[in-house]
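Hi,

Here is the structure I promised to pass on.

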Amino acid sequence: MTTFRDVPLSDPGDASDATPAAGRVDAPTLELTWTDPVTGVRGYLVVDRFFRGLASGGFRVREGLDLAEVAGLARAMTRKEALAYDPTDRYVPLGGAKGGLDLDPSAPEVEDVLVRFFGAIRPLLERSWATGEDLGIRQETLDAAAKRVGLASTIEAVFARLEDPEAARVRLRRAFAVEVDGIALADLVGGFGVAEAALALAERDGRAAAGMTAVVQGFGSIGGATARFLHRAGVRVVGVADRAGLLVAEDGLDVDALLAIRDATGCIDREALPPGVREQPGSAWLGLEVDVLVPAALSYVIDETNVRLAHAPWIVEGANLPVTPSAEAALAERGVRVLPDFLANLATNAWWWWVVFGDLPPTADAAFARISARMRALTAAVAEDAEQAGVTLRAAALARADANAARLEERFANGPVD
Ligand SMILES: NC(=O)c1ccc[n+]([C@@H]2O[C@H](COP(=O)([O-])OP(=O)(O)OC[C@H]3O[C@@H](n4cnc5c(N)ncnc54)[C@H](O)[C@@H]3O)[C@@H](O)[C@H]2O)c1
């Protein structure tokens, strides 16, 4: 019997991505809505596009999630993948995708619903879509669900394309076992990249980390690590927000102390706050007078209703889609520069693939060195492009991502798929 893995790589499923960039249809290649037959919960998968028959993008669990949000996130993934493209890497970017459940992440049935969703779309997960943790879910839960549907991981589609998948599995396992000060490396790389991008942007404008101030919304994988590495670099982090509200200290928060009292969902224990930390409503984060605002929790948190509150010269998008287009237009008019999500937070995704494809050994030092170099180079190049062309950072980053996507199309249009 033919299994999905037996299908030759040059089958028609892979031909879709040979479409020339110039003639591409701009709609997502695949939009899928699933309804759980047991609970009625909706699950979504959007593949914005495939490169070489593969797409990559995380999985989120959030009450209120809908297909449009997932499609926007999938599009951002295409850009994130393409922007990271370097023809000298072994890692060849994948198309963008995203999946998710419209469900409260703390609901006890999350894993069971996920198992049913993964079961329903198993062929795609096995062969075409590689996923990992995003908002509201941990990689362990995704791994457990994948195992329950008979898959060894959530990135089997990519392993199936590698010459030595066993070596890649070992590298990834080792990389995921690395901890730095008790925090998994996997939970640090993304926020480290956000912090490096923020620092590179500010340094380009002649600002040193010492003397700079920042506020970070979200204190999970991305927000917690962004705050940690900004703090380590000498930036005064005067506010961090989690789902319970905002914590403020004008002299700078002791970020390491807050990380030590953070739970697995990224919430800080209010009973154990260090002295001098004040509690404020979560919505106050945007109005703090700081140099760098880092939204690193939810999508669409800066919109036309609250954009007037933001005064920082730089907004660095740690979260996906945190600034709505109309809010960004208003910010651009006031000279506030927004470093877009598909650049600022690309490090988690790139780190996974660098490890899997064999560009990186599974160590923290190697990860931080490569992420720092890539994030700083990309941020500087995009800022330079933006200045030269007189456009926003987003427009400049988008142009680079599109140019890279076209290069990828060209490189693999007629040649071998691997
Ligand atoms: N985890 C990754 O590797 C990764 C990579 C790229 C982008 N992202 C994006 O970054 C964002 C955060 O992801 P994460 O993995 O850090 O999530 P997470 O679940 O680890 O943490 C989310 C954090 O946001 C906080 N939060 C929730 N609701 C809030 C609210 N209303 N106000 C303020 N804070 C609130 C939570 O308390 C928690 O601290 C998402 O947009 C995600 O798509 C994540």
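Below is what turned up around the ligand and in one of the sheets.

This is a predicted model, so I kept to its cut-offs: local features need pLDDT of at least 70, side-chain atom pairs count only at pLDDT 80 or more, and totals for chains, interfaces and linings use all residues. Residues are numbered from 1 along each chain as its sequence is written.

Ligand first. The ligand is surrounded by 27 residues, the closest being G220, G266, A297, A319 and T348 (near means a C-beta atom, placed from the backbone, within 6 Å). Domain 1 (4-161) and domain 2 (186-397) each put at least three residues into that shell; the bounds come from an automatic or database domain assignment. Helix 9 (221-233) and strand 10 (236-242) each supply at least two, and helix 9 gives the most, with three residues. Helices (H or I, at least four residues) and strands (E, at least two) are DSSP runs, numbered from the N terminus.

Seven strands form an open sheet in the order 12-11-10-9-13-14-15, with mixed pairing; two strands pair if DSSP finds at least two bridges between them. At the edges, strand 12 (278-280) and strand 15 (337-339) each pair on one side only. The twist averages 20° from one strand to the next, with axes fitted to C-alpha atoms (for helices over the stretch in contact) and angles from 0 to 180 degrees between N-to-C directions. Strand 9 (213-217) runs parallel to strand 10, joined by five bridges, and T213 stands opposite R236 in strand 10.

Cheers
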